[in-house]
Structures are given as structure tokens and as C-alpha cells.
Amino acid sequence: MADIEALPEQVLLKILSYIPARELVLICRLVCQQWKMLVDGLDLQVHDERSLKQKEDITEEDAFYFCTSAKENLIKNPCGEEEFAFWELTNNDGDGWKVEDLPGDNGKPFPNQKIQKYFVTSFEWCQKSQLINLVLEGFEAETLDNIQPPVTVRDWYAGRHDSGFDYELHVELLSEDMSKIQEYKTDMIHAPQWSDAEWKEISNTFTDYGPGVRYVKFTHGGKDSQCWAGWYGARVTNSTVTIDQ
């Protein structure tokens, strides 16, 4: 759900404009310094006269913006801070998945220094997925069907300088009965041995996907191309799924 402190001031003012003057003064004004300043700047007499009419003018888009976060990451544990919590390890071959600290052996720092860990694959195919229930995350079915807000997915991948790797991303929009409505799947991405080991971002935005979407299934995986025991394969971190306003 949205953090109301992150709302633009003009959106917050519009929300406050639907509240009667008495509640603004006795309740909203006491929430924080920002709200106090906003309420003090209102002409409460004019505000009270028009608040009844404005209550009738709340659009579905306004309600969507207020009730859901435009930029909240719906992927849980995207960087391995909680080991493999929330992820289903659908393939765990070779020596399996592992979580390591950045930058890792023969690796490069991540562009965002707040990211401290990554998932790494082994010498046979490793794949993991996460299923996101959009209704449980606070998105109304009617909103998903009628507004069809853009769904943006992002993933970051890299490898070691001394080992080549393969990597793949597959994201599906699913219905209530898990039927596929739309999907995005990369070609197999191959990086050769002695590559630059820089982190690279891949992204896709789903739009105009039609009614019925209730789940997002995010799946990614990889392996090394040297067939070395251990964890020399594709590295992934900071995966995101966001619903855009």
C-alpha cells in the first residue's frame, strides 16, 4: 500500500479537500507539520461549502492513486537479504542457488550502493520464481480490469570476469485461474568468459493487457558456461515489479 508521505503535495491537497473543515482542524491538522501547514493554508469556509460537491467527483483514477503505491516494489526479498524467503526454487541444479555479498569474486560493484547482496547460479540450470497476487497487494479487481495500469518489471544481472554465463527472464500476467494473458520472455542472454562483469538492467512494461489480470509471475534463472563446480554463473539482484500511475 502507498506511503501517504510520498504523495505529491497537490495530490494530498486534493485528498484533504474532500474532508469537512471540522475534521481538518481537529484531526488532520494534528497529524504532522506538513499537514498542519497545508490545513492552515486553506480557506476553511470556502472549503466546507464545496467539500460536499467534491466528494461526488472522486474519480476511479484518484482512488487508485491514493489506495496503491505508484512505485512500490511488489517483489519481496529482491536482493537476497532474507536468503531465499518468498522465492520458489523451481530449478536448483549443479550446486544450486547461493546468496553472496557484493561485489563478489571477480565482480563489479552494483550501481546502487545500498544493494549489498545478490543471488548466484551454478554450473547447471538454476531458476527461481515469485508469484504476486495483485488483489492481496491492494489492487482492486475493477481497477485492474478498467484502468489497466502499466505493470513494469525490471531485473539486474551480471557475471564474473573469469566465467561466462547464460541468463533468462520470463514474466507472465495471469488470470484468476492462472491462465496466461500476456508474457515477456527474453532470448537466452549469453556473456562470454572475460567479459566486463558490469551489472546490466533489463526491463519491460505491460500495457493494454485487457481485463482479468490477477497475478504477476516473475521467473529468472541462469548458469555458468564453464561447467565449474561452485557458483560461477549468472548473478541477479534488485528485481522489481511495480504498478505505475
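Where is Gln-148 found? In this predicted model, in which local features need pLDDT of at least 70, side-chain atom pairs count only at pLDDT 80 or more, and totals for chains, interfaces and linings use all residues, Gln-148 lies in the loop between α6 (141–146) and β5 (151–158). Helices (H or I, at least four residues) and strands (E, at least two) are DSSP runs, numbered from the N terminus, while residues are numbered from 1 along each chain as its sequence is written, and side-chain values use heavy atoms, with hydrogens and water left out.

Most residues other than glycine have a negative phi, and most peptide bonds are trans. Gln-148, although not a glycine, has a positive phi of about 50°, and with a relative accessibility of 19% this residue counts as buried, where buried means under 20% relative accessible area, exposed over 50%, and partly exposed in between (1.4 Å probe, protein chains only).

The loop between β2 (98–101) and β3 (117–120) holds Pro-103, which is joined to Leu-102 by a cis peptide bond with omega at about 0°. Asn-106 is also placed in the loop between β2 and β3; this residue is not a glycine, yet its phi is positive, at about 55°, and its relative accessible area of 39% makes it partly exposed.

As for the cysteines, Cys-79 is buried at a relative accessible area of 7%, and Cys-126 likewise counts as buried, at 0% relative accessibility. A disulfide is a pair of cysteine sulfur atoms within 2.5 Å, and by this rule the model has zero disulfides.
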